[in-house]
Amino acid sequence: MLLQLLINTLIVGSGYGLIAMAFRLMYSVSPFFNLTLGSVVAVSAYAALYFTPSLRAGAIFPVVAIAALLSWALEAFAYKPMRDRRASPMILLVASLGLYTIFESVISLAFGVKYHALGDGAQIYLGFTTMPLVQFLIIIFNFAVFAGLSVFLHHSFMGKQIRAVNDEAALAHMIGMKTDRIIMIVSVITGAILGLSGVLIGYDTGMEPTMGFNLLFKGIIAAIIGGMRNLRGAFFGALFLAFSENVAVWAFASEWRDLVAFAIFITFLYLRPQGIFQKKVEA
Amino acid sequence: MEYLLNLGIIFCIYSILALSLNMVVGMSGLLSLAQAAFYGIGAYATALCMTGLGLDFFSTILIGMVINAVIAYMVGKILSRFKGDYYAIVSAGLSIIVFSVLLNWKSLTNGPLGVFGIDKPSVGGFSFSSNASFFLLCLVFVAMVYVIYYAIDKSAFSRCLKAIREDEELAGSFGYSTKRFKSIIFVLSAMLSGVAGALFATYIAFIDPSTFQLKEGIFLFTIIIVGGLSSAWGSVVGAVILISLPEALRFLGLPYETAAQLQQMIYGAMLVLMMVLRPQGLFGKYRM
């Protein structure tokens, strides 16, 4: 029972974790709540549905490429022009809400509003137990992306630049960093991570047009619970959120899942606005 | 004629909602997506008190307003600590919580099946059962809310809110308790949207939780973005524009599902266009 709870936490938390890390990474260079990140997740899941019914490496990579391209295009043709005209974070948020709505209706028109399942139920044998291959992959990719991004952000020149923009965008720009180029690169990386999560979650739990918003929402909550200051917060925040949800489902019933997630989120913001792991209090 | 009256009643209900939301978003610069929650609570308060307890319409409005005030006060205590995008995300979370309660607290709200058989309002033997009389009743309420909005807008209270909107820290350093101001306007706005909920419930005679989702909150938000932030007139115009649009689409004769998605797409495009071309909205006085 407890083991099952932990495994479920790991699966769900890894799905949230990928999205939370992608959101956090994008937020670090472009600080507004970008709702089209959710569209990228949904588009990836539906792209997987369109291209192939079974989970193969050949299915994942084209979709990840599409997602990265979409994320880049949104940045280049929507947000950058608005940022150049000195749009405030609120304006960008509302514009992204509008774009998200457009994506959701396009998906609904193309594929219908009904739930679609995907995948051939491939299993993997782990020595002591079997589990669906896709769930195993979600967990592996979550850890791999976390490790990869941590190394990238702390041990590469590009990573240092990204962190510099995160700390003080205006200053980074002033000493000659090409902040626009950095934002573009981050949007491509973010898009790839979101694409990966979209494909995997699509194969695991199926898809509906509203999935992007719901998943992104959980990702944002996870990142905020984790403290919004670094990647580690997003990673562990996602696991914590998934654990609380699973305990709630086990203790009450599955329909209270969302309520519990948001109740935890709001309690957290009220009691510890700085997140679980941080000591310093932000305003 | 009946069709136009029906449309008029819907205009009125959404005008009340837009006016009350504009107090929070336009006047105070707080990006609230929780308005549908208070709309829903108002509607359920009226529906349940009228069908279950047999109370009369006008007292149920008061009950709904009181419940909304209490909830908004408690919620406002939390919300008032935030601003900007955090305010938006937390208020969206609250909207989802209220929807979840309406949907899942089956013993009280009858869950997804909803509440039906809600009577039309009546006073002293006269029942507002014809569309014409109901429309007049709605107009009276819109006029009242409009006057309330106008009165607040011209008061010293709203000048403080606008100061908070422009620079919360500066307003705070002048000694204004910014959290209290934010909380008061949130409570007022929640009470007024409860009135819209009560009118909706008695007009349609049947309510279920699906009307009061976050999507509705975003729709209301779109209305005031298009109509104009911090403008009473803009709220009403926005409501008229965004309600008429799907009615116009209806004449194209598209299948229901396609029309619904097309409508969403147009709302989305309107939000983006407004943000690019005129972030304060058609008649707005405040630019985010």
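Begin by selecting helix α1 of chain B, residues 2–27: this helix has 26 residues and reaches 36 Å from its first C-alpha to its last, close to the 38 Å expected at 1.5 Å a residue (the expected span being 1.5 Å times one less than the number of residues). The model is a predicted one, in which local features need pLDDT of at least 70 and side-chain atom pairs count only at pLDDT 80 or more, while totals for chains, interfaces and linings use all residues. Residues are numbered from 1 along each chain as its sequence is written, and chains are lettered from A and ligands numbered from 1 in the order in which they are written. Helices are DSSP runs of H or I of at least four residues, numbered from the N terminus.

Following α1(B) comes Gly29(B), with a positive phi near 70°.

Now display both chains. The contact takes 31 residues from chain A and 28 residues from chain B, two residues being in contact if their C-beta atoms, placed from the backbone, lie within 7 Å. On the side of chain A that touches chain B, the elements giving two or more residues are α4 (89–111) and α11 (257–271). Select α4(A) to see the largest share of that side, 16 residues. By class, the side of chain A that touches chain B has 23 nonpolar, five polar and three charged residues (nonpolar: Ala, Val, Leu, Ile, Met, Phe, Trp, Tyr, Cys and Pro; charged: Asp, Glu, Lys and Arg; polar: the others, Gly among them).

Stay in chain A and select α9 (residues 211–225) with α11(A). Their axes come within 10 Å and cross at roughly 30°, the axes being lines fitted to C-alpha atoms over the stretch in contact, with angles from 0 to 180 degrees between N-to-C directions. α9(A) and α11(A) are therefore roughly parallel, a term for angles under 35 degrees. To show this contact, select Lys218(A), Ile221(A), Ile224(A) and Ile225(A) of α9(A), and Ala261(A), Phe265(A), Phe268(A) and Leu269(A) of α11(A). Seven of these residues are nonpolar, none polar and one charged.

The axes of α9(A) and α10(A) come within 7 Å and cross at roughly 115°. These two helices are therefore roughly perpendicular, which covers 65 to 115 degrees.

Methods
Parallel < 35°, antiparallel > 145°, perpendicular 65-115°, else oblique.
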